[in-house]
2 protein chains.
Amino acid sequence: MEFFTVASLIEPKKIIIKELKKPKIESDEVLIKVNYSGICGTDIAIYKGDYKVPLPLVLGHEFTGEVVEIGEDSEPELIGKRVTAEINNTCLSYTKRIKCPACRKGLPTHCLKRTVLGIMKADGAFAQLVKVPVKNIHILTDEISDKEGVFIEPLAAAIQTFELSKFEIGDKVVVLGVGRLGILICSVANSMGADVIAISRSKEKLKRAKKYGASKTINGNDKNLISKVKKLTDGLGADVVVESTGSKLGFNLAIKLVRPRGIVALKSTHGILIKDVDNTKIVVDEIKIQGSRCGPFSKAIDFLSSKKIDIKPLISEIFPLEQTEKALKIAPQKTKILIKCNLH
Amino acid sequence: MEFFTVASLIEPKKIIIKELKKPKIESDEVLIKVNYSGICGTDIAIYKGDYKVPLPLVLGHEFTGEVVEIGEDSEPELIGKRVTAEINNTCLSYTKRIKCPACRKGLPTHCLKRTVLGIMKADGAFAQLVKVPVKNIHILTDEISDKEGVFIEPLAAAIQTFELSKFEIGDKVVVLGVGRLGILICSVANSMGADVIAISRSKEKLKRAKKYGASKTINGNDKNLISKVKKLTDGLGADVVVESTGSKLGFNLAIKLVRPRGIVALKSTHGILIKDVDNTKIVVDEIKIQGSRCGPFSKAIDFLSSKKIDIKPLISEIFPLEQTEKALKIAPQKTKILIKCNLH
């Protein structure tokens with residue numbers, strides 16, 4: 001194809017479908033024909049205008065596709081391979097770039113010169129074609145379908161929670177908020193040996209959490225929420241509380257639910273400042289609060305391939321690329337919406 | 001002596017000097033004749049009424065003394081030994097007590113049944129005599145004088161900062177606030193191989209910080225504070241920021257000064273809730289926030305004995321026990337005030 005279609009966000013809450021000329025790739029890049037893209041909370045926040053980034057922008061950072069064009073640095077065997085790609089374009093992603101202090105320190109996801117696919121200064125995968133550095137791609141295993149592969153990026157983010165917040169087998173892990181990301185975190189924590197307690201205000205989500213690894217569930221509206229968690233945790237509080245509510249109320253509740261010397265793992269990026277944080281309790285109880293973001297793709301691919309998680313039921317609906325805006329509008333009420341980016 | 005003198009806090013801002021009958025000790029306790037006690041920030045906060053605890057109470061948890069009476073569980077050689085003692089009276093401190101869930105989990109300083117010497121339900125060392133569990137005592141080495149030994153408890157708290165917040169040799173550690181505790185943290189961090197940057201609004205404190213291990217200092221009133229720290233840290237931010245300001249403004253400033261994947265080590269227990277905490281930045285930059293409190297006495301004794309810190313210049317003044325209230329009133333403006341608890 002000489003031209004390809006993209007869904008471009010030109011201003012908050014306004015997407016246009018347009019044709020672009022096929023992009024030229026550098027020697028260290030590849031061009032991917034996108035099969036499916038997934039809609040994530042960040043896409044919704046950017047679409048709404050809550051999460052501010054330079055526009056216009058083609059959103060979409062969870063995707064699978066097929067390599068259709070390669071630069072000189074790639075082996076010809078790559079053509080036709082089913083792949084996904086890391087979302088951070090860093091100093092390590094490019095052959096000739098001098099490393100920045102963050103990349104030198106071994107922190108490429110915090111690269112000072114990075115662009116982020118579909119989020120910051122790099123057009124994403126709500127498009128027929130997407131261009132990425134070849135060093136960022138990961139080949140899908142035979143066990144992962146094109147639809148399932150869309151979950152690799154969010155699953156990596158779920159795994160990253162526990163890369164930075166280690167726990168022991170049998171530990172009590174509370175997952176506060178079991179939506180799009182929280183449900184994956186339940187499954188990962190359970191597979192790593194935790195005893196998972198899911199908390200949500202939605203009965204439906206709690207029912208689903210049971211299928212995805214939670215051994216117990218508590219309704220978030222329960223007035224005895226804190227004492228119920230204490231009762232389930234030997235009177236001490238949870239070993240780990242994952243704050244994945246996407247709400248400003250999650251932070252302080254998490255601090256009340258965790259045990260002395262326990263961990264509050266933060267995942268929400270709602271952009272809202274938190275009030276009334278109890279600094280003194282954090283010190284006296286020696287609590288650790290750990291933020292985490294993008295994770296290891298290779299581990300997510302291994303986990304998906306192992307079939308320890310049945311990911312398909314989390315797909316709510318599939319829309320064609322032309323209906324991306326409609327899909328973004330209903331996404332907040334759904335778990336995972338996919339965009340089918342090429343008809344053939 | 002059949003009777004002994006104590007300084008008893010009977011209500012906020014009111015101390016009376018009184019005589020008490022010598023206490024009976026249990027088989028697992030010892031009686032210590034106190035030489036010197038130190039005044040710490042917690043004592044000041046309790047005296048003022050900001051930090052609320054059950055009263056009446058004899059304050060004082062930093063002290064040295066001499067064992068004058070022992071229970072049946074102790075060896076007779078203990079009599080006459082120069083000692084200090086841990087401040088948490090936990091399940092592990094007593095011979096016959098059944099362990100609580102925290103002590104079972106190896107977290108005795110978070111014991112659910114604990115009393116805390118001079119802080120919570122256990123009379124402390126602003127007194128001629130103090131009773132403690134024998135398991136809590138530590139014998140002073142010959143290198144540590146009675147006056148220097150008073151610093152063992154706060155030095156253990158300074159060391160605990162880095163027990164829970166590990167760093168690498170050469171890492172940039174910002175100490176935000178270099179008062180009573182912060183100055184000890186500078187020295188400990190420097191001795192552990194950190195490159196220490198001290199921040200304070202007081203020129204005098206910054207000058208002193210240079211003597212206690214800071215290689216660089218920045219005035220806290222400097223408008224370019226954040227960019228100066230970035231400049232000193234390769235544009236990334238500090239590897240560790242220790243928040244020991246004792247002020248509500250420290251928390252959010254610390255988050256601005258730390259690098260991605262860095263650590264904010266919290267030490268302040270001012271009891272004030274923090275506003276406008278940037279949850280999203282903590283997640284995106286994958287920051288760790290770690291509270292810490294009481295630390296390992298044995299390490300503090302080794303550090304003091306090694307003479308790597310010249311602790312004596314930190315003693316501002318010494319008051320007799322009868323003038324405890326006067327001492328508490330001027331303590332906020334001083335570094336370390338000692339109380340001489342026995343004249344002979």
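These legends describe close-up views of a predicted model with chains A and B.

**View 1. The two copies, chain A and chain B, superpose by a rotation.** Turning chain A by 180°, with 0.0 Å of shift along the axis, places chain A on chain B with an RMSD of 0.0 Å. The two copies are therefore related as by a two-fold rotation axis. Of the contact residues of chain A, 100% recur in chain B, so the same surface serves both copies. The model has an ipTM of 0.94 and a pTM of 0.94. In chain A the average pLDDT is 96, and 99% of the residues score at least 70.

**View 2. Helix α4 of chain B is largely enclosed by the rest of the structure.** This helix covers residues 182-191, and eight of its ten residues are buried. Among the buried residues are B:Gly182, B:Ile183, B:Leu184 and B:Ile185. B:Cys186, B:Ser187, B:Val188 and B:Ala189 of α4(B) are also buried. The helices that the buried residues of α4(B) pack against are α3 (152-164), α5 (203-211) and α9 (297-305) of chain B. The strands that they pack against are β12 (172-176), β13 (195-200) and β15 (238-243) of chain B. Just after α4(B), B:Gly193 has a positive phi of about 100°.

**View 3. B:His61 is a buried residue in a loop.** The loop lies between β4 (57-58) and β5 (62-70) of chain B. The relative accessible area of B:His61 is 2%, and buried means under 20%, so B:His61 counts as buried. Leaving aside neighbours within four places in sequence, B:His61 is in contact with B:Cys40, B:Thr42, B:Asp43, B:Ile87, B:Leu117, B:Ile119 and B:Glu153.

Definitions and conventions. Residues numbered from 1 in each chain as written. Chains lettered and ligands numbered in written order. Predicted model: local features only at pLDDT ≥ 70, side-chain atom pairs only at ≥ 80, totals over all residues. Heavy atoms only, no water. Least-squares fit on C-alpha atoms with pLDDT ≥ 70 in both. Contact = heavy atoms within 4.5 Å. pLDDT = per-residue confidence, 0-100. Buried < 20%, exposed > 50% of the residue type's maximum accessible area, 1.4 Å probe, protein only. Helix = DSSP H or I, 4+ residues; strand = E, 2+ residues; numbered from the N terminus.
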